[in-house]
Amino acid sequence: MTGVLDGFLVLAVVVAVGWGIGRSGILGPSAVEVLSRAAFFVASPALLFSTISTSDVHAVFSGALLVTAVSSTAACLLYLVFAVVRRRPVGESVIGAMCSGYVNAGNLGLPIVTYVLKDPSAIAPVLLFQLAVLGPVGATVLDVVTSRESGRRLSVLRTASAPLRNPIAIATGAGLVVAFTGWHPPEIVMAPVHLVAGIAVPGMLLAFGISLHGAARPGRGGTGVPLVVVSVLKNLGQPAIAVATGTALGMSGGALLAVAVCAALPTAQNMFAYAVRYRQGQSLARDAGLVTTVVSIPVMIGVVALLA
């Protein structure tokens, strides 16, 4: 239990610092956009490359990866069904879907699985699926949506090549190539990459905290129902699907607990960075990050109590 609380405490402190920065105004009115764009275009690609390139890709291609893929994809698709039925804006629908299935695996998931499960590698399948599949796919779709909304005509070639122009997808692809080949870039190359990568998580958290200052109560502005749907899918739906899938695959004990805890993690803060970058669903992404984080505390404690 201590690991869960410790992870949330670290997260809360950095977000609170961001809120204080927003309240003071010392970074000016463009702080959220500048920090978010720096995290998206510069720091996140560096973090993705450094993380994926050193992953043991053969070890993570396991039952846990399948559970992650099924539970994350199912949560995203269920939100899209809701969005289509309610005729929500396309860009907001993509952000809502990602908020429903993209977990906070890095700055929150890693310390939690380390303290609670005593196995940092348990988060590796989640990181790989999100960084190699879910993130690039979501970013590519958002890229296409915003291009169409801006009035730019997209040819089939330009649409198909969208991942090649997206920094998240480029970094992910490069990381996978390095991981599969086993090549180790020289330290003189990786040192600045690691240095820049260190900005990603705190940059996202600070931007998120700054955005909370003066923000309306969560769910206002027409996003109340979508926020409830995201929260139910993220906090309850995804972990339930993960447990059902893991059980069907014959998992039990620590293996089942690991996939359940990972699926119960809240919405990743970088969803807000995506929303700011593409100017889509910003209120929903911000509110989902806050609400699912608060709700996930008792959910994860309950998961550990039931399955440990």
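A residue is called buried when its relative accessible area is under 20%, exposed when over 50%, and partly exposed in between (1.4 Å probe, protein chains only). Helices are DSSP runs (H or I, at least four residues), numbered from the N terminus. The model is predicted: local features need pLDDT of at least 70, side-chain atom pairs count only at pLDDT 80 or more, and totals for chains, interfaces and linings use all residues. Residues are numbered from 1 along each chain as its sequence is written, and side-chain values use heavy atoms, with hydrogens and water left out.

Helix α13 is mostly covered, with 8 of its 11 residues buried. Among them are Val259, Cys262 and Ala263, and these three also line the largest cavity.

A cavity is a set of points on a 1 Å grid over the protein atoms alone where a 1.4 Å probe fits but cannot get out; lining residues have an atom within 4 Å of a point. A volume is the space filled by probe spheres set on the points, which are joined across faces, edges and corners. The structure holds 1 cavity of 30 Å³ or more, and the volume of the largest cavity is about 60 Å³.

The largest share, 4 residues, comes from α4. Other parts of the lining include Val103 and Gln238.

Elsewhere, Val17 lies in helix α1 (residues 2-24). Val17 is partly exposed, with a relative accessible area of 43%.

How values were computed
Helices (H or I, at least four residues) and strands (E, at least two) are DSSP runs, numbered from the N terminus. On a 1 Å grid over the protein atoms alone, a cavity is a set of points where a 1.4 Å probe fits but cannot get out, and a pocket is an open set with protein on both sides within 12 Å along at least five of seven lines; lining residues have an atom within 4 Å of a point.
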